[in-house]
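Subject: Structure handover

Hello,

Here is the structure I promised to pass on. Please open it and keep it beside this email as you read.

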Amino acid sequence: MKALLVSFFSGIVFALGLGISGMTRPIKVIGFLDFTGKWDASLAFVMLGAIAVYSIAYRLVRGRRAPLLGERFLIPERMDIDRNLIAGAAMFGAGWGLAGFCPGPAITSLASGAAPVALFVIAMVAGIYLHGAFTRLAEIRMRPVSAAAQIAADS
Amino acid sequence: MTNFTPVASFIGGVLIGLSAAAMLLLNGKIAGISGILAGVLRPVKADTLWRACFLAGLLTGGLMLRAYLPQAFDFGTIRSPGALTVAGLLVGFGTRLGNGCTSGHGICGTARLSGRSIAATATFMVAGAAVVYAVNHLLRGSL
């Protein structure tokens, strides 16, 4: 119960941070990414502030066995830089630059009631499901191949 | 340079950092928004409720902004419905393929000095800048 309250209040603080910093305004995001135009460096300060605080928090948890309200840490352990990571990040970046919204600000901005934000979020959810469908399709396509390989290996 | 707001942006960044830090220290979770959202869309037992609570918090915070800081939703640039649809699909698909977005890779992963996250962050910044260059300078902002 406590952990769920922490999640809820963290969500609130996260949203307020996005709103105060300017991340919920596509004009600021696009201005930040427009290096050859009228560059607005503001959003670099969002990363600076957030990374500074989070670095301290990360140092505090290193060496701890469990979080204060949970049984274990769920921290990504993968180290490999693969094609999917780079292709996915490139797709995400393209969408981010095109609309000026990334997932957090888009969800937060749903509260504004603006239809274009709702459209973006619906498309984003569709993109997530589409990725799930593609992944399952790839798994199905892999199966007969591996079965055939198994038969070939057995004979 | 127009509308440079380093102080407000830094304060906002500190709040985002504090929120993500609370999720890590207290709950042991990474505050990666795309991952949190995807987890709610494909629910897994005992791993969904905290995600739903975080998203409810985001929306509640959004409502607070609407009431007390309405200029936060002064979007300024809103692309056409077609462009927003393509952008949303790219953001949804891309964040799943690449396992994260600005929060998970850009903040949490970069602060942990994860090589994967730093590579992802550099990639989405370059891709974002390339698209903004194309839209703002080649298409003169008409999209």
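Predicted model: local features only at pLDDT ≥ 70, side-chain atom pairs only at ≥ 80, totals over all residues.

Residues are numbered from 1 along each chain as its sequence is written, while chains are lettered from A and ligands numbered from 1 in the order in which they are written.

Start with the two chains. In chain A, 107 residues are in contact with 106 residues of chain B. (Contact means that the C-beta atoms of two residues, placed from the backbone, lie within 7 Å.) Six helices of chain A each supply at least two residues to the side that touches chain B: H1 (2-21), H2 (26-33), H3 (42-61), H4 (83-99), H5 (103-109) and H6 (115-154). (Helices are DSSP runs of H or I, at least four residues, numbered from the N terminus.) H1(A) gives the most, with 18 residues. By class, this side of chain A has 73 nonpolar, 28 polar and six charged residues. (Asp, Glu, Lys and Arg are charged; Ala, Val, Leu, Ile, Met, Phe, Trp, Tyr, Cys and Pro are nonpolar; the others, including Gly, are polar.)

Next, the core. The largest nonpolar core has 81 residues. (Such a core is a set of buried Ala, Val, Leu, Ile, Met, Phe, Trp, Tyr and Cys residues joined through C-beta atoms within 7 Å.) Ile107(B) is among those with the most contacts inside it. Leaving out residues up to four places away in sequence, Ile107(B) touches Met47(A), Ala50(A), Ile51(A), Tyr54(A), Ile16(B) and Ala20(B).

How do H3(A) and H1(B) pack? Their angle is about 30°, and their axes are 7 Å apart. (Axes are lines fitted to C-alpha atoms over the stretch in contact, and angles run from 0 to 180 degrees between N-to-C directions.) H3(A) is therefore roughly parallel to H1(B), a term for angles under 35 degrees. Their contact has 24 nonpolar, six polar and no charged residues.

Last, two residues. Val6(A) lies in helix H1 of chain A. Val6(A) is buried because 25 other C-beta atoms lie within 10 Å. Gly115(B) is in helix H6 of chain B. Gly115(B) is partly exposed, with 13 other C-beta atoms within 10 Å. (Buried means 20 or more, exposed 12 or fewer, partly exposed in between; C-beta atoms are placed from the backbone.)

Best wishes

Technical notes
Parallel < 35°, antiparallel > 145°, perpendicular 65-115°, else oblique.
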